[in-house]
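I opened a notebook for this chain and wrote down each thing as I looked it up. The entries follow in the order I made them.

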Amino acid sequence: MSNRLGIVPFWKNYDRKAVLRAARVAEDLGYDSIWIPEAWAYEQFQLLTEIALATKRLKLATGIANVFSRSPGLLAMSAATLDEISEGRVILGLGTSGKTVVENFHGVPYAKPLTRLRETVGILRALWRGDRLSPEMSTLFDARHFKLEMQPLRPDIPIYIASLQERAVREIGRIADGWVPTFWPYKHLRDGMAWIEAGAGEAGRDPARIDVAPFMAVVPMDDAATARSLIKPLVSFYIGGMGTYYHALFCRYGFKENADQVRQLYNTGERRQAAAAVSDDLIDAIAICGPAAYCRDKLAEWRRHGMGMALLNLPTGVPPEVTEQVLCDLAPS
């Protein structure tokens, strides 16, 4: 059974030097990859380049790059350049982000997100193969003539897509190498995997080759209640401050009353109360909290429900020694 683990530092309290140190430790302990997020703080490809130069084996992933703030051509160049620098260690994590970030921060209309995602992946693959752009590659802009004037180290850089809605998850089966479900209740991962299988079947692809890599919170602490309390503010932010997708996800899987309560508190400015209102049952459906041995056993249970690689959050706002202890406690055997 696969025991691959990736690590994800949270973007709001990002400490460059601490993350770089954690990346080195994670590599020494046998972790698979590091996934650098991007919202409206640090730029991810530069951070990944810094990590590439300080490591030798650890895979380097965008977690995630949205398909609106960079053109397909720029994404292709950025990923291919980093792949060469890192000697073939890149995973390109993609997603559509949301209307608020795309329009109010990047100043780009949030139009046809699934079409943009699909066409971006097609253009990336074509450019990495050495093909020239042609008009039939895109309905959103007049793609033509250009090709990459460098030879990518790999023509098949892995593409993982973060998505929650059925149409987008089915598209993963058609075009991607992996699925990154964020805070998806683990006992229902096979619902998404069935959508991926359907999309893969339509495209003549093998769904077994598509990795399921959930982003999840794991807090190895003897006091599980305290561990849950550390995650609840983040979950309330996802429910109340990240659009409608996460609220809808939790409603779909039996947490409607709790999700409604948290969203109402969050959106009326009661942020502390919103975090406190997140139920223990919801946390236990999407995260793992408890002693280190329990966390390792629970990760094995998630794998039995279809998880391939687990993407674990790094603790924030703590001394490096605490982060290193967490990495040691959860390290792949």
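**Entry 1: K112.** I looked for K112 and found it in the loop between α4 (99-104) and α5 (113-129). This is a predicted model, so I read every value here as computed from that model. Phi of K112 is near 45°, which is a positive value in a residue other than glycine. Is K112 buried or exposed? I noted a relative accessibility of 55% for K112, and the cut-off for exposed is over 50%. K112 therefore counts as exposed.

**Entry 2: H145.** I then turned to H145, another residue with a positive phi that is not glycine; its phi is near 75°. H145 sits in the loop between α5 and β6 (159-161). The relative accessible area of H145 is 54%, so I put it down as exposed.

**Entry 3: I64.** I checked the peptide bond between G63 and I64 and found that it is cis, with omega at about 10°. I64 lies in the loop between β3 (59-62) and β4 (65-66).

**Entry 4: G95.** Setting aside residues up to four places away in sequence, G95 touches I64, A65, N66, V67 and A162. G95 belongs to strand β5 (residues 90-95). Its relative accessible area is 0%, and buried means under 20%, so G95 is buried. I also looked up a distance: the C-alpha atoms of G95 and S163 are separated by 6.7 Å, although the two residues are 68 residues apart along the chain.

**Entry 5: G30.** My next glycine was G30, in the loop between α1 (16-29) and β2 (33-36). How accessible is G30? Its relative accessibility is 38%, so G30 counts as partly exposed.

**Entry 6: strand β9.** I moved on to strand β9 (residues 215-220), which is mostly covered, with six of its six residues buried. Which way do the residues of β9 point? F215, A217 and V219 point one way, while M216, V218 and P220 point the other way. The residues on both sides are buried.

I then asked which strands pair with β9. One is strand β10 (residues 287-290), which runs parallel to β9 and is joined to it by four bridges. In this pair I noted that P220 has G290 of β10 as its bridge partner. Another is strand β11 (residues 310-313), where the pairing is also in the parallel sense, over two bridges.

**Entry 7: strand β11.** I stayed with β11 and looked at its own residues. A310 and L312 point one way from the strand, L311 and N313 point the other way, and all are buried. How many bridges join β11 to strand β1 (residues 5-8)? I counted four, and the two strands run parallel. Within this pair, L5 stands opposite A310 in β11. I wrote the neighbours of β11 down together: β1 pairs with it, and so does β9.

**Entry 8: the whole chain.** Last, I looked up values for the protein chain. It has 14 helices and 11 strands. Its radius of gyration is 19 Å, close to the 20 Å that the globule rule gives for 333 residues, so the chain is as compact as a globular protein of that length. Along the principal axes, the C-alpha trace spans about 60 × 40 × 35 Å.

What share of the residues is buried? Of the 333 residues, 51% are buried. I also looked at contacts with a separation of 6 or more; 73% of these are made by residues 24 or more positions apart. The chain exposes about 15100 Å², and carbon and sulfur atoms supply 51% of that area. For charges, I found 39 positive and 38 negative, and their mean positions are 2 Å apart.

Key:
Residues are numbered from 1 along each chain as its sequence is written. This is a predicted model: local features need pLDDT of at least 70, side-chain atom pairs count only at pLDDT 80 or more; totals for chains, interfaces and linings use all residues. Side-chain values use heavy atoms; hydrogens and water are left out. Buried means under 20% relative accessible area, exposed over 50%, partly exposed in between (1.4 Å probe, protein chains only). Two strands pair if DSSP finds at least two bridges between them. The radius of gyration is taken over C-alpha atoms; the globule rule is 2.2 Å times the number of residues to the power 0.38. Contact means heavy atoms within 4.5 Å. Accessible areas come from the Shrake-Rupley method with a 1.4 Å probe; for residues, only the protein chains shown count as cover. Lys and Arg count as positive and Asp and Glu as negative; His and the chain ends are not counted. The place of a charge is taken as NZ of Lys, CZ of Arg, CG of Asp or CD of Glu.
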